[in-house]
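Please look over the model shown below, with attention to one pair of packed helices and to the positions annotated in a database record.

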Amino acid sequence: MFRTAFSKSRGAAWALGATAGSAVTGWIWTSQQETPAFCSNDNSSVLGMLQQVSQRLEHLEHLVGGKSIASQRSSTKDSPRIDIVLGAQWGDEGKGKLVDMLSSGGYDVCARVAGGSNAGHTIVVEGKKYKFHLLPSGVLNPNAVCVIGNGVVVHIPSFLNELDSLTAAGVDWKGRVLLSDRAHLVFDLHQEVDGMSDAGLGRHKLGTTKKGIGPAYASKINRTGLRVGDLQDDSWDNFERRFRNLVESHKQAFPSLEVDIDEQLAYYKAVAPRVQEMMVDTIQYTNQQYDQGKRILVEGANATMLDIDFGTYPFVTSSNPSVGSVLTGLGVSPRKLGGIYGTVKAYCTRVGEGPFPTELPVEKNSPGFHLGHVGAEYGTTTGRPRRVGWLDIPQMKYSATLNGFTSLNLTKVDVLTGLETVKLGVSYKYKGKYLDSMPANLKVLEDVEVEFEELPGWKEDISSCRTFEELPMNCQTYILRVQELIGVPIRWIGVGPNRADVIDRGVGWDLSESPSQS
Ligand code: GDP
Ligand code: IMO
Ligand code: MG
C-alpha cells in the first residue's frame, strides 16, 4: 500500500516511504499549504520540479473525480480560516458531536448559519447528554463565542429556554452567545400554521418538525417577517405594526388561526432586554474575528438532501443547509472558507416523509431493525423513529459534488457491528438504464432500482478503537471501500456516541488507499 509520512513544519513538509524505484516519493497534504509539496530524488531543476507538481496534481484531481483537490486546507493557528461541518444526507448524521469535539480543540467562534429549532444535535460528554436546537454545539467549549447568524430563524421562547437549561446544567454561556440582528423571528403563529399546513396535506404530508420553519422563511421571502433587530426599544412601534400585519395576513390564509396579539406583544416587550443583550451585527463581528486571526467553525444544521434547492423537494426543509448557507447565513466571503467536513452516517436515516431509495424494512431481526435499534434512531427534536437504510453512494457523490467536501466524518460505524454482511447502494437504475445524476423528479427517484454491493460484516466491539489499524479487517475494508466510492478522504470515524469515541486519521494520508491494496 502507498503510504506517506509527514512533517508538520510549515512549508517544508516531506513525504517519505515510496513505491520502490519511483522518482517522486509521495504526496503530502498539509494543513498549512494549498499546494501539495513533493520530494524528488532529482530536484536540481526547478522546471523538473514544476512538471512533477503538475503531474501529481493531475493524478490527485483524477482520484477525487476530476475536481480540484481543495487540499487539506482546514484552519490552523497560523493560518486561520472558516471551517464548516455539514450534514451530507438527510440529517442526524452526528454533526453536533464533531462540532463539539473540534471546538474543544481550539476554535474561537462557533456559528450556526441556517435552519432553526428543527435541528436537534445531541452531544455526550462523559456520559452526560446535551441536546441543542438553536445553539451551536460549540457552546460547551468555554472559550468559544457562539454566533447565531443572519440566516437562522429564531423562535425566541425556545432560544431562551435552551439558554436556561444550559444554565441549569451548569454551563456558563453569559457573554458568549451572540444573536444576529438580521436573523428572522419565528413566532408561535408560524408554528401553528406549520402544523395546520402539514395536516392539510393529508396523506401527502411532509412530516415537518412543526417548529414553524417553512412559514417563518415564507414570511422572510414575502418581506412580511420581523427580525431580531426589530426588538429594539426605538423601533417598538414598527415591531407592533408589522406584527399585527403578519397576524392579519396569516388569519386570512388560515381563518381558524387564533392569536392573542396583546399577549404576544407583551411577551416580546418583556423579553426584548434579554434579547438586546445578545444582539449584534454578527456580519461585522465574524469578519472582524477573522481579520484578527481567530479560528471560526460553522455548525451546519439539517442536511444537504433536505436543501430547498438540492434536496428531495418538496420533502425538504425551507433553507439551504448545504455549503452556500455559510456565505448567505453568516455574511462571509467564499475566499475565507477552509475545511468543508461532510458528516455521513455509515448507513442512512431519514425522519419525515419523502423518497428513500436504499430504505430497509424494519421487521424484527432484519438488518433494518438492527440499524434502528442499535443506532437508537429516534429524532432528537420530535422523538419520531427515523427510517433506516443502507449507505447511498450516488447520494453521497451528489452531496460531495455540491459541497466540495475536503474530508468526511463517517459516524456510527459501531452500529454496523454484529451484522453478517453490510451493503452499499452503489448505483441507481431507472427503466433498465444507469443514472449518472440525482434525478430531480421524485417519481423517478421513488422508482429507481438500487444496485448493492455486499461486504462481509464484523462481530468485534470497536467502541474502544482509537486508531484505524485497531479496527477489524472487515471494518477497515468497508471504510476504505466507502472512501474509494465517494472519492473523498474519510478523516474521522465514529465508534460511539461519546466525545472521545472517534478515530482521527489526521490530515495527510493517501486517498489512493483501497481495499484491494490493503
Ligand atoms: P446531528 O443532528 O447531525 O447533530 O445528529 P443527532 O445528534 O441528531 O443524531 C446523531 C446521534 O448519534 C446522537 O444521538 C449522537 O449522540 C449519536 N452519535 C454520533 N456519533 C456516533 C457514533 O459514532 N456512534 C454512535 N453509536 N452514536 C453516535
Ligand atoms: P439536524 O440538524 C433530520 C426534516 C423534517 C422533515 C423536513 C421538513 O438535527 O440534522 P422542517 O421542520 O424543517 O420544515 O421539516 O426536514 N428535518 C430534519 N431531519 N434532522 C434535521 O436536522 C432536520 N431538520 C429538518 O423531519 O422531514
Ligand atoms: Mg439531529
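At what angle do helix 4 and helix 6 pack, and how far apart are their axes?

## Basis of the model

This is a predicted model, in which local features need pLDDT of at least 70 and side-chain atom pairs count only at pLDDT 80 or more, while totals for chains, interfaces and linings use all residues. Residues are numbered from 1 along each chain as its sequence is written, and side-chain values use heavy atoms, with hydrogens and water left out.

## Helix 4 against helix 6

Helix 4 (residues 188-200) and helix 6 (residues 236-253) pack at about 15 degrees, with their axes 11 Å apart. That angle makes helix 4 roughly parallel to helix 6, a term that applies to angles under 35 degrees.

On the helix 4 side, Leu189, His190 and Val193 meet Phe243, Leu246, Val247 and His250 of helix 6, where contact means heavy atoms within 4.5 Å. By class, this contact has 5 nonpolar, 2 polar and no charged residues.

## The annotated positions

According to the unreviewed UniProt entry, the annotation "binding site" covers Asp92 and Gly120; such annotations may be inferred rather than shown by experiment. Although they are spread over 29 residues of sequence, they cluster in space, with a largest C-alpha distance of 7.5 Å.

Asp92 lies in the loop between strand 3 (82-87) and helix 2 (95-103), and, leaving aside neighbours within four places in sequence, Asp92 is in contact with Gly120, Lys345, Val351 and Arg386.

Gly120 is found in the loop between strand 4 (109-112) and strand 5 (121-125), and it counts as buried at 11% relative accessibility, buried being under 20% relative accessible area (1.4 Å probe, protein chains only). Not counting residues up to four places away in sequence, Gly120 touches Asp92, Phe132, His133, Thr380 and Thr381.

Terms used. Chains are lettered from A and ligands numbered from 1 in the order in which they are written. Axes are lines fitted to C-alpha atoms, for helices over the stretch in contact, and angles run from 0 to 180 degrees between N-to-C directions. Helices (H or I, at least four residues) and strands (E, at least two) are DSSP runs, numbered from the N terminus. Angles under 35 degrees count as roughly parallel, over 145 as roughly antiparallel, 65 to 115 as roughly perpendicular and the rest as oblique. Ala, Val, Leu, Ile, Met, Phe, Trp, Tyr, Cys and Pro count as nonpolar, Asp, Glu, Lys and Arg as charged, and the others, Gly among them, as polar. Buried means under 20% relative accessible area, exposed over 50%, partly exposed in between (1.4 Å probe, protein chains only).
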